[in-house]
Amino acid sequence: MDTSAALAERALLLEVAATPTPGNVDRERDLPDLHFDQFLAGASGARAGLDELALGSPLGEGLETAVGGMARAAGTNTQFGSLLLLAPLVRAAASDDALTPATATDVVAATTVDDAAAFYRCFEYVDVRVDDPPADMEPLDVRRGADAVPAVRDRGVTLADVMASAADRDGIAAEWVGEFERTFDAADRLAEGNEPIGQRASRVHLELLAREPDTLVATKHDVATAEDVRERAAAIAPDDADAVRTFAEELIDRGINPGTTADLLAGGLFVALVREEVSS
């Protein structure tokens, strides 16, 4: 039987192989500064950290190993958001209990100050687009990377606390504090139908994009752009491949990358794989 680490690596590969996924790298299209082969390398490079998580290492430590391995292998940030989402899911799936929203939330609740410190060190490897924090949180700005660790320790901030502070503006943080609702919903929808997993993943990606504005788009552009993308996605029938591909090319031409949606798809694929609801 595959380990939770192996299934997480497979989920990363299935996410980037699904096509079309509007605005994201997939096997049919690259972005100007991100290519399909880099995502393959990033998934492979993250495996050592995923293995650590599956074997019971501290959550932050395993995440840091995964992010560092991804960045070195890909030469850039390809899947940071996906790894942040997958880390507690991999840990929960590796335990004796079934992977459920409750068991994943238990993993989040058990995070420590050391986990938060390791999370901040991840930003030594990657450049991530984030909003400016509230004034009182400036010492904990993730863009400070390891320089923020003393403030993390002084304030006794756990990784769960960090995610809670960002949940109103970051879709992955919202999953951490919201019992991974959208992730498990995506897994349920991936289990529907009998078409190949790549087609199902493409369909679910469009559904995710249509239901809620992508927070990376909102951060990189603005809230109005994110809502416009959501409305455009909602107006397209998932089985209208030509319309989806036209939309995909338009987003790339406009420099719009719904990266949070891709991360949620990777998380949903992992859950579905663990539950043996999909195969590849």
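The model is predicted, so local features need pLDDT of at least 70, side-chain atom pairs count only at pLDDT 80 or more, and totals for chains, interfaces and linings use all residues. Residues are numbered from 1 along each chain as its sequence is written, and side-chain values use heavy atoms, with hydrogens and water left out.

**Exercise 1.** Find how helix 5 and helix 16 pack.

- Start with the geometry: the angle is about 20° and the axes lie 8 Å apart. Axes are lines fitted to C-alpha atoms, for helices over the stretch in contact, and angles run from 0 to 180 degrees between N-to-C directions.
- Angles under 35 degrees count as roughly parallel, so helix 5 and helix 16 are roughly parallel to each other.
- Now look for contacts (heavy atoms within 4.5 Å): residues of helix 5 including L85, L86 and L89 meet residues of helix 16 including F270 and V271.

**Exercise 2.** Work out which residues join helix 4 (59–74) to helix 5 (80–94).

- Here the angle is about 145°, with the axes 10 Å apart.
- Helix 4 brings L59, L63, A66, V67 and M70, while helix 5 brings F80, L83, L84, A87, P88 and R91.

**Exercise 3.** Describe the lining of the second largest pocket.

- Take the volume: about 300 Å³.
- Next, pick out the centre: of 15 lining residues, T19, P20, Q199, S202 and P238 are the closest to it.
- Finally, check the helices: helix 12 (197–211) and helix 15 (241–253) each supply at least two lining residues, and helix 12 gives the most, with five.

Notes. Helix = DSSP H or I, 4+ residues; strand = E, 2+ residues; numbered from the N terminus. 1 Å grid on protein atoms, 1.4 Å probe; cavity = no way out; pocket = protein on both sides within 12 Å on 5 of 7 lines; lining within 4 Å. Points joined across faces, edges and corners; volume = space filled by probe spheres on them. Parallel < 35°, antiparallel > 145°, perpendicular 65-115°, else oblique.
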